[in-house]
Amino acid sequence: MVNILELIDVSMVYGQVRALSNVSMSVGQGEWLAIMGPSGSGKTTMMNIIGCMGKPTSGSVLLDGEELSKLSSAELTAIRRDKIGLIFQQFHLISYLTALENVMVAQYYHSMTDEGEALKALERVGLADRAKHLPSQLSGGEQQRACIARALINYPRLILADEPTGNLDEANERVVLDILRGLHEGGATIIVVTHDPEVAYEADRTVYLEHGRIADVVKKAPEASVVRAEEFSLSHDC
Amino acid sequence: MFFRMLTGALLRQRGRMAMIALTMALGASICTAMLNVMFDVGDKVNQELKSYGANLTVVPRGASFLGDLYGDAGPADESAGQDKYLAEDELPKLKTIFWAFNIVDFAPYLQTDALVKGSGNAIDAPVLGTWFDKRFDSPTGESVQTGMVRLKSWWDVDGAWAQDGGPEGEASCMVGANLASKLGVRPGDRVSVTAKGGARLVIAGVFHSGGSEDDCLFAPLWFAQEISGRQGLVSRVEVSALTTPENELARRAARDPNSLSRHEWDTWYCTAYISSIAYQIEEVISNARAKPVLQVAESEGAILQKTQLLMILLTALSLSCASLAISNLVTASVMERSAEIGLIKAVGATSFEVSALIITETMITALLGGALGYFAGLGFAQLIGHTVFGSAIEIRPLVIPLVTLLTVTVALAGSLPAIRLLLSLRPAEVLHGR
């Protein structure tokens, strides 16, 4: 499997706090990776670095073979725009734009808007009938689906999801996971930062972080997966 | 998409945007009022100052020479020849110079000493022939009304102003308060005036000027010409003209117009400096020397400059306040919308694109407020005009681009702190709290 992302000896220090400490890992093309860990373990820091929203204090980050840690802020913005689709726990939809327009925002800053294309993205997440609704008129699950459609609209090389089900009830969590599973089956590379073993269970591989270091890496195996998920749930639930 | 985001943001933040528009409206209204008043204040202050007398004296060259020698620009004496006088029939030409419309009023004088006899006493007193309220058609066809009634409007007159009249009826005159007291006369009484010739005059009014004129008798010009035997002549002309404050160019020109380059000369000639108006008067009146009454001209300039400076300072102050208020409002708006701005940056917007969005929002709001303020300012200007000057302020189209430019500048300056904040805003911090 060709690696789309590589982290080599990556560290991140905030003042006296070492958020990440010499982390090295890689993510293959089409792989679904889950990053788990307790609060303060460095999950969000890692997501920010992978998502080009921050640069490590030391170490190298290679996305599609391109070294990110040496790029300027503007160059990182361009990478983020062209190669990464971001899904947030809080959805972060623009409140005065409809679901369709929220998807088109990502198109606008990427290249040019195409309403038909944006509508198709909403169709893929089952939200075409709610396209003209404002975020305040959508349920949490629907807002997260709009957020996923926005992340998908520019055909990113990497989908980066931060607690995508963190604010959803069980029914909506299933819907979102089904969508992510469908994307994965379609060949998308997905990295999910999560607390939820159910979400991690869906991933091909789970990296467990603790105190800024990789504490464990678990590959999905049909028999072991459930057990690992339960173990994660019992031993590391926060 | 940009316009959808823009419209959405403007509508969503109606309250805050209304505050920005209102702030800008206040600044623009003061700016509009001050600029309109400032551009008009020259004429208004000039008009006000015109009521305190003439700022130019036109005398014959010979008399001027003697005046320069002896420090007396007064009338030529009776024994002098014709070259010590100006021709009355040339005076309408004053309204044909380049700055004809700036000649507000003028009055000719012919002075002669005469024996004035009232009810009892007979006194030798200066008798000045003049135009009280003369109406004539200028060579350009314009109907002109001018004379002492306007030129000496501050005189305290007991009775009425005399009429110019003609030789066919009984002539009227104005008698200075001191002379009237010595003669023991009052308005309605008659005096006999004798020089080379003599005649009786009815006193229309007794005036108090506070100056040496209080010892004089003012009669119609034709009367003074008749009794002195100087038909068609005047010894000096007082001119009240609207002028532009003197500057270095005007001072150089006043010393020697020939020292100016062609371009400077054109600029000077086509500007209503007192020296260029004097020069133009000398061009049309034969044998004349036009001399600025410097203390009046310079006072006018100083008052005008100080008034305009005050207006500029008020404008600058109001716009600075508006800029500060807008700065606070836009910064608060950016802080409130940090998640939205972070998201836009996260999906790939550059700092320039986000700044453009915020600046456009602010600019549209500020321009709307500026337009509102402009019309309110026109109202304020008229209020100032009627309250301070007792007349309307002329609306200058030039103020529109100036207010627009100042509105844009204030909005931009007010947006700068917010833009700095926006540039330093990192998506990771606002979206993930880190």
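**Figure 1. A six-stranded open sheet in chain A of the predicted model.** The strand order is β6-β7-β8-β3-β9-β10 (chain A). Pairing in this sheet is mixed. Two strands form its edges: β6 (84–87) and β10 (213–219) of chain A. Each of these pairs on one side only. From one strand to the next, the twist averages 20°.

**Figure 2. Strands β7 and β8 of chain A, side by side.** Strand β7 covers residues 158–162 of chain A, and strand β8 covers residues 189–193 of chain A. The two pair in the parallel sense. Five bridges hold the pairing. For one position across the pair, look at A:Leu160: A:Ile191 in β8(A) stands opposite. In a regular strand, side chains alternate between the two faces of the sheet.

**Figure 3. Helix α1(A) lying across strands of chain A.** The helix spans residues 43–50 of chain A.

**Figure 4. A four-stranded open sheet in chain A.** Here the order is β2-β1-β4-β5 (chain A). The pairing is antiparallel. Strands β2 (17–28) and β5 (66–67) of chain A stand at the edges. Each has a single partner strand, so one side of each is left without a neighbour in the sheet. Strand β1 (residues 3–14) of chain A is joined to β2(A) by eight bridges. These two strands run antiparallel. One bridge links A:Val10 with A:Val23 in β2(A).

**Figure 5. The contact between chain A and chain B.** Chain A gives 25 residues to the contact, and chain B gives 23 residues. Helix α3(A) gives the most, with seven residues. By type, the chain A side divides into twelve nonpolar, nine polar and four charged residues. For the complex, the predictor gives an ipTM of 0.81 and a pTM of 0.63.

**Figure 6. A hairpin of chain B, formed by β5(B) and β6(B).** Strand β5 covers residues 134–137 of chain B, and strand β6 covers residues 143–146 of chain B. They run antiparallel, joined by four bridges. B:Arg135 stands opposite B:Gln145 in β6(B). Five residues lie between the strands. In this hairpin, B:Gly141 takes a positive phi near 95°.

**Figure 7. Chain B and the confidence of its parts.** Chain B has 434 residues, of which 43% count as buried. The chain holds 14 helices and 14 strands. Among its contacts with a separation of 6 or more, 78% join residues 24 or more positions apart. Mean pLDDT for the chain is 84, and 91% of the residues score at least 70. Strand β11 (residues 217–220) of chain B has the highest mean pLDDT among the elements of the chain, at 94. Helix α3 (residues 61–70) of chain B has the lowest, at 59. Over residues 69–79 of chain B, pLDDT stays under 50. The model has 19 contacts beyond four places in sequence for those residues. Where pLDDT is low, the predicted coordinates should not be read in detail.

Note on methods:
Residues are numbered from 1 along each chain as its sequence is written. Chains are lettered from A and ligands numbered from 1 in the order in which they are written. This is a predicted model: local features need pLDDT of at least 70, side-chain atom pairs count only at pLDDT 80 or more; totals for chains, interfaces and linings use all residues. pLDDT is the predictor's confidence in each residue, from 0 to 100. Two residues are in contact if their C-beta atoms, placed from the backbone, lie within 7 Å. A residue is buried if 20 or more other C-beta atoms lie within 10 Å of its own, exposed if 12 or fewer, and partly exposed in between; C-beta atoms are placed from the backbone. Ala, Val, Leu, Ile, Met, Phe, Trp, Tyr, Cys and Pro count as nonpolar, Asp, Glu, Lys and Arg as charged, and the others, Gly among them, as polar. Two strands pair if DSSP finds at least two bridges between them. Axes are lines fitted to C-alpha atoms, for helices over the stretch in contact, and angles run from 0 to 180 degrees between N-to-C directions.
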